[in-house]
Amino acid sequence: MSQAIADKQNTDTKKQNIVSKASNKVNDFMKVDRKDANVAMAHIYVAMIALLLGGIAGLLQVLVRSGEFKLPWGIGYYQVLTVHGVLLGLILTTFFIYGFQIAAVSRTSGTLTAKQRLICWIGFWTMTAGTAMSSVMVLLNEASVLYTFYAPLQAHWIFYLGLTLVVVGSWIGALGQALRWMQWRKENKGQTSPLLSFMVVCNNLMWFVATIGVASEVLFQLLPWSLGLVDRIDILLSRTLFWSFGHALVYFWLLPAYMIWYIVIPKIIGGKIFSDALSRLSFILFVIFSIPVGLHHQLTEPGVDGSWKFLQVILTMMVVIPSLLTAFSLFATFELRGRALGAKGLFGWLRQLPWGDARFFVPFLGMLVFIPGGAGGIVNASYQMNQLIHNTIWVTGHFHLTVATTVVLTFFGAAYWLVPHLTGRTFTKELNKLGIIQSIVWVIGMTIMSSSMHVAGLLGAPRRSTFSDYGGAEIASTWASYQIAQAVGGTLLFIGILLFLYIFVQLCWFAPKGQEEFPIGEVAPNAEKTPAILENFKLWIVVLVALLLIAYSYPIFDIIQNAPLGSKGYKLW
Amino acid sequence: MHLHKYEKYWLVFGVGSLIVFLLITGIMAFHNGSHPPSAKNTINHEKVDEIAPFNNPGVHKVEGKDWDYEAVVVASAFYYDPPVLEVPVGAKVKFIATSKDVVHGFGVAGTNINMMLEPGYVSEYVTTVNKVGEYLIVCNEYCGAGHAQMHSMLKVVDPK
């Protein structure tokens with residue numbers, strides 16, 4: 001970024017400040033309504049319980065797999081693994097995201113109406129009831145099928161019903177949030193809608209379309225089959241429906257992190273949002289390209305033509321474009337801000353950033369980790385290269401960078417202002433310091449755990465497997481040494497979870513009362529007006545459905561047409 | 001929509017790399033025939049033992065085909081039949097495998113032989129085994145309590 005632009009923006013900012021001082025003031029102190037805060041916090045409490053229990057399960061797993069520890073009382077490794085995957089992958093993420101999104105809509109589009117809030121509460125209780133049902137079945141060892149629940153391993157029907165309720169509840173909650181945005185649009189005809197609310201609606205739309213696949217799998221295949229209404233199930237169809245949802249799931253985790261990067265971080269560092277239009281464009285591209293890509297999880301499977309797999313590989317790689325847009329926008333914001341503060345030289349602006357502020361530092365670490373995380377993702381989806389790492393622990397190492405570091409650290413960093421904002425407390429200096437220490441512990445632990453997973457995976461070590469010496473095979477002893485390293489890293493991560501939960505408890509009940517800002521960035525004043533087409537969801541839904549039909553119609557038709565004899569259920573755990 | 005000059009360079013470079021990447025992957029796939037295992041034959045998984053070639057699992061020399069050996073494997077919870085596959089170094093081998101019950105994996109550690117085995121489908125992959133050694137075969141898809149005990153061995157031997 002040239003100095004001239006930074007200077008121009010700086011002067012423009014000053015002008016703008018004089019003009020809109022009054023409106024800025026309103027913006028700074030806009031608080032999420034108390035009743036909306038309650039529904040948001042309810043979601044976040046459930047998320048934190050899931051974090052604790054899922055974290056304990058994670059610790060047990062790395063200990064068992066190190067070969068030095070055995071589970072007591074007949075608890076199974078795969079039971080613990082199911083707890084870990086379901087609670088952290090599905091429950092922690094979905095509940096935290098909804099807590100954040102409800103607060104975000106209330107903050108940027110305005111307080112929810114009683115009806116909209118009621119819809120959010122109904123969604124919350126539906127999801128929570130579903131979570132409880134599935135959890136009980138897992139604890140009773142009736143559902144050790146992992147969070148991907150691949151048939152023909154057959155869990156208890158209550159497990160499937162519980163997951164259905166989680167999905168249906170998430171639809172209800174999404175509706176509650178979207179209704180508030182629609183109301184804003186009706187009341188402010190012709191204006192560009194609040195960016196953060198727009199992004200929430202994008203994420204929920206993507207989630208809704210994506211979950212249709214997994215909902216069909218559960219409602220039309222798994223539930224009737226586990227209830228004994230039908231004898232047999234089409235395995236490949238169930239897997240394909242699952243993965244039509246499974247990859248969009250990772251973008252459902254990621255997009256709220258992007259919301260925080262695009263909108264909250266600029267405000268925290270005192271800068272501006274680089275471009276409203278480009279932010280919206282990148283979200284629309286994510287909506288379009290997140291779903292018709294699931295076959296890249298099935299590259300080594302029989303029954304699907306290579307050409308169709310390749311088409312979805314191309315569609316998968318399209319997310320490179322919005323990812324590049326995002327990276328550029330973020331670093332442009334950082335650089336413009338650094339230069340506005342008087343930074344000199346090519347990288348002098350880096351020094352001007354508020355490194356001591358956990359609200360910036362913690363998500364920033366997440367951004368950095370996304371560079372190796374994204375690069376690994378390209379390897380995974382690379383058609384032939386996938387064979388080297390498919391179902392090895394490399395994949396586990398990969399998503400512990402993307403989801404369990406990039407997304408999770410961004411959520412932690414967000415919790416440091418979101419939770420006190422909602423509970424009417426403040427994020428103190430001491431807690432800020434602890435937050436920074438927490439994130440460093442996390443990154444060190446994850447570097448140890450994830451890199452040893454990546455290396456062991458390249459050497460062929462399988463994922464989702466308990467400790468085994470594989471009949472004394474030499475390679476397995478090499479894997480075992482990396483599993484010790486995973487246990488060390490995993491233990492540090494568990495300490496990280498405890499540190500975070502300590503901060504969370506402080507922010508809920510013990511930190512000094514006061515006002516904590518919900519930071520919302522403003523668009524750079526020299527940015528151009530956002531083209532209205534970006535807000536035309538009807539158009540984007542048509543594009544999305546068209547792409548989905550192109551990517552999936554023939555493969556699914558083919559799978560059904562050539563289906564072999566279906567499978568009966570097995571309970572092999 | 002306005003794009004900053006540097007952002008244009010950045011996107012041209014990024015999208016350009018992406019196109020080159022997809023072209024290389026595409027040429028590898030459709031010109032050199034390097035596809036991941038995508039066989040489409042189906043089978044009655046409850047009668048695998050009666051159906052050729054799975055009624056005779058093991059390594060067989062074949063004539064008049066594009067490959068020299070067929071390695072036929074039947075997977076079921078929690079073992080592979082046969083427990084050892086032995087092939088001569090340099091041979092072109094077609095791995096043919098299926099599952100009798102749940103979904104299993106067939107991953108040969110340290111190689112790119114890696115297939116999902118699903119009941120009702122026959123998985124196939126052709127490759128040349130060009131390095132002598134013992135390669136551990138593991139089930140890399142969770143299949144139940146004995147999943148981590150499910151393994152066999154691929155021995156690539158020098159016939160001299």
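Domain bounds here come from an automatic or database domain assignment. Everything below is about a predicted model, where local features need pLDDT of at least 70, side-chain atom pairs count only at pLDDT 80 or more, and totals for chains, interfaces and linings use all residues. Residues are numbered from 1 along each chain as its sequence is written, and chains are lettered from A and ligands numbered from 1 in the order in which they are written.

**Exercise 1.** Find how far apart the C-alpha centres of domain 1 and domain 2 of chain B lie.

*Solution.* Start with the bounds: domain 1 of chain B covers 1-35 and domain 2 covers 45-157. Now take their C-alpha centres, and you get 36 Å.

**Exercise 2.** Work out which element gives the largest share of the side of chain B that touches chain A.

*Solution.* First, the contacts (C-beta atoms, placed from the backbone, within 7 Å): 56 residues of chain B meet 58 of chain A. Next, list the elements, which are DSSP runs numbered from the N terminus (helices: H or I, at least four residues; strands: E, at least two). Helix 1 (5-30), strand 6 (104-108), strand 7 (114-117) and strand 9 (133-138) of chain B each give two or more residues.

**Exercise 3.** Describe how helix 8 and helix 12 of chain A pack.

*Solution.* Helix 8 (residues 235-268) and helix 12 (residues 358-380) of chain A pack at about 140°, with axes 11 Å apart. Angles under 35 degrees count as roughly parallel, over 145 as roughly antiparallel, 65 to 115 as roughly perpendicular and the rest as oblique. So helix 8 and helix 12 of chain A are oblique to each other. Among the residues that meet are W261(A) from helix 8 and F360(A) from helix 12 of chain A.

Technical notes:
Contact = placed C-beta atoms within 7 Å. Axes fitted to C-alpha atoms, helices over the stretch in contact; angles between N-to-C directions.
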